Amino acid sequence: MPNMNGVIATQSILKIKPSVKILVNTFSVNSELLKDMILAGASGFIMKGESREKYIEAFETVVNGSSFLSDKINHKIYDKALAYLKFPKKKMILT
């Protein structure tokens with residue numbers, strides 16, 4: 001997106017329509033992006049190139065009110081993001 005990033009886009013969309021579910025579709029993710037997108041209100045993350053079935057699963061999951069995390073996202077990254085959200089004053093080394 002030329003004029004904004006995913007975090008700002010997510011915040012802007014949810015400000016206008018809070019009931020929208022945001023599913024992040026990305027080539028790569030790190031714990032900082034994951035944390036920022038969770039704080040912005042994203043409901044799920046799917047890696048580009050996933051199977052059609054995985055996209056359907058992701059859409060259905062977030063539409064039904066749950067969170068979705070692609071199996072291709074390293075769970076160490078996810079754990080770091082969650083640790084930061086739980087203990088935001090703790091300095092983290094992000095990858």
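Visitor: How many aromatic pairs does the structure hold?
Guide: This is a predicted model, in which local features need pLDDT of at least 70 and side-chain atom pairs count only at pLDDT 80 or more, while totals for chains, interfaces and linings use all residues. Residues are numbered from 1 along each chain as its sequence is written, and side-chain values use heavy atoms, with hydrogens and water left out. Rings of Phe, Tyr and Trp (its six-membered ring) pair if their centres lie within 6.5 Å. The number of aromatic pairs in the structure is 1.

Visitor: What kind of aromatic pair do Tyr55 and Phe59 form?
Guide: A pair of aromatic rings is described by the distance of the centres and the angle of the planes. Planes under 30 degrees apart count as stacked, over 60 as edge-to-face and the rest as tilted. The centres of Tyr55 and Phe59 are 6.3 Å apart and their planes make 45°, and the pair is tilted.

Visitor: In which helix are Tyr55 and Phe59 separated by about one helical turn?
Guide: Helices (H or I, at least four residues) and strands (E, at least two) are DSSP runs, numbered from the N terminus. Tyr55 and Phe59 are about one helical turn apart because 4 residues separate them in residues 52-63, which form helix H3.

Visitor: Does Phe59 count as buried, partly exposed or exposed, and what is the class called?
Guide: Buried means under 20% relative accessible area, exposed over 50%, and partly exposed in between (1.4 Å probe, protein chains only). The relative accessibility of Phe59 is 46%, so Phe59 is partly exposed.

Visitor: What pattern does the protein follow along the sequence?
Guide: The secondary structure comes to 4 helices and 3 strands. Read along the sequence, the pattern is α-β-α-β-α-β-α.

Visitor: What share of the residues of the protein counts as buried?
Guide: The protein has 95 residues. Of these, the buried share is 35%.

Visitor: How are H1 and H2 arranged, roughly parallel or roughly antiparallel?
Guide: Two packed helices are described by the angle between their axes and the distance between the axes. Axes are lines fitted to C-alpha atoms, for helices over the stretch in contact, and angles run from 0 to 180 degrees between N-to-C directions; those under 35 degrees count as roughly parallel, over 145 as roughly antiparallel, 65 to 115 as roughly perpendicular and the rest as oblique. The axes of H1 and H2 come within 9 Å and cross at roughly 10°. That makes H1 and H2 roughly parallel.

Visitor: Which residues of H2 meet H1?
Guide: Contact means heavy atoms within 4.5 Å. From H1, the residues are Gly6, Val7, Thr10, Gln11 and Leu14. Their partners in H2 are Asp36, Met37 and Ala40.

Visitor: How many charged residues does the contact of H1 with H2 have?
Guide: Ala, Val, Leu, Ile, Met, Phe, Trp, Tyr, Cys and Pro count as nonpolar, Asp, Glu, Lys and Arg as charged, and the others, Gly among them, as polar. The contact has 4 nonpolar and 3 polar residues, and the number of charged ones is 1.

Visitor: What is the relative accessible area of Thr26?
Guide: Thr26 is in strand S1 (residues 23-26). Leaving out residues up to four places away in sequence, Thr26 touches Ile46, Met47 and Lys48. Thr26 counts as buried because its relative accessible area is 15%.

Visitor: Which residues does Val29 touch, not counting those up to four places away in sequence?
Guide: Val29 lies in the loop between S1 and H2. Val29 is buried because its relative accessibility is 15%. Its contacts are Leu34, Met47, Ile73 and Ile77.

Visitor: How far apart in space are Asp71 and Lys54, C-alpha to C-alpha?
Guide: Asp71 is in the loop between strand S3 (68-69) and H4, and at 58% relative accessibility counts as exposed. Asp71 touches Glu50 and Lys54, with residues up to four places away in sequence not counted. Asp71 and Lys54 are 17 residues apart in sequence, and their C-alpha distance is 9.4 Å.
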